[in-house]
Amino acid sequence: MTYRVVHWGTGNVGRHALAGVIAHPELELTGVWVSGPAKDGKDAGTLAGLDPVGVTATTDADALLAARPDCVVYCSMTDNRLFEAVQDLQRILAAGINVVACAPVFFQYPYGVLPDDLLKPVQEAAAQGNSSLWVNGIDPGFANDLLPLALAGTCLRIDEVRCLEIVDYASYDNREVMFDIMGFGKPLDEIPMLLQPGVLSLAWGGTVRQLAAGIGVTLDAVTETYERVPAPESFDIATGHIAEGTAAALRFEVRGMVGDVPVTVLEHVTRLRQDLCPEWPQPAHPEGSYRVEITGEPSYAMDLVTSSRNGDHNHATLLATGMRIVNAVPAVVSAPAGILTALDLPLITAPAQRPGR
């Protein structure tokens, strides 16, 4: 069966996902939405770094939705436009079109995380359109839902599930995320958006709640903590200059608590140089890795290292984020209407490709 797909957004993740849609043997690209005139009218293949494919990008969302595709692959930037993104999802779902998305991340598992005034309109739109929404990627996504839950299924007893991202972000090419949202290169007394009270729990609270649901635990609370470390001297990264004394490393935890005991934990260890904070958890590869630690019987420590012949670890993880949702299109289109989580879907794999493709 062939599924008709509109692709939405061609930024850091979107351009990789768009290439994935074009290559996928079960997907037919019928349109591409872009946010401004710089990409309007360009061929989708060109935007994905491929040869032209004969599908032209447009800023006309109404025309794309009027064609009633089976699914929208939603990769639009959401970190700085959360409410607009939620309105996008409502509009698409209400039109009877399924959505796979890499954001907003709180829809990975929104229950107990989102207030009703954000959650119910999306649920109602899905019911109105008899359509489904699934948000996933790598983190939040398979690094902290699929992988830990697969391991959890082999345990006699589980005391704690901890998922870590331990990554060098120096080559991450998004200045707004790095400086404005995460606060790198900013004075330590200037609290960025990500570290405002409640934001970490909004972004990753669904991760710890979904893990808890997956292992049959009811959480009493979700808490958050963080630590920032200044640059010992000035240096440059892909998106700008990090001055001596400004934020150059960040470690945070979002903890799912039962009583005063953490049971499900999401931890990020983010450096802009490999030599910073040597006492913090170290990655399995110098550029970074994802780690799942289960304390129980038996206990596990599993490291996931991404790589690519076409770029560094950041390139590889952006590609993985996009392909996680692209490969899920058939399963999401076939699923019951509503907001889906990783607990609702079957195992998702990539279609086999012929050698040389």
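Visitor: Is Tyr169 buried or exposed?
Guide: Tyr169 counts as buried, at 12% relative accessibility. Buried means under 20% relative accessible area, exposed over 50%, partly exposed in between, with a 1.4 Å probe and protein chains only. This is a predicted model: local features need pLDDT of at least 70, side-chain atom pairs need 80 or more, and totals for chains, interfaces and linings use all residues. Residues are numbered from 1 along each chain as its sequence is written, and side-chain values use heavy atoms, leaving out hydrogens and water.

Visitor: And Tyr172, buried or exposed?
Guide: Tyr172 is buried, with a relative accessible area of 16%.

Visitor: How many aromatic pairs are there in the whole structure?
Guide: A search finds six. Rings of Phe, Tyr and Trp (its six-membered ring) pair if their centres lie within 6.5 Å; planes under 30 degrees apart are stacked, over 60 edge-to-face, the rest tilted.

Visitor: Why is the pair of Tyr169 and Tyr172 tilted?
Guide: Their planes are at 40 degrees, so the pair is tilted. The ring centres are 5.6 Å apart.

Visitor: What about Trp204 and Phe252?
Guide: Their planes are at 45 degrees, so that pair is tilted too. The centres lie 5.1 Å apart.

Visitor: Where do those two sit in the chain?
Guide: Trp204 is in helix 8 (residues 199-214) and Phe252 is in strand 11 (residues 247-258). Helices (H or I, at least four residues) and strands (E, at least two) are DSSP runs, numbered from the N terminus. Trp204 and Phe252 are buried.

Visitor: New topic. Which residues touch the most other members of the largest nonpolar core?
Guide: Val73, Leu194 and Ile242, in a core of 74 residues. Such a core is a set of buried Ala, Val, Leu, Ile, Met, Phe, Trp, Tyr and Cys residues joined through side-chain atoms within 4.5 Å.

Visitor: What does Val73 touch?
Guide: Its contacts include Trp8, Val100 and Ile325, not counting residues up to four places away in sequence. Contact means heavy atoms within 4.5 Å.

Visitor: Is Cys71 buried or exposed?
Guide: Cys71 is buried, with a relative accessible area of 0%.
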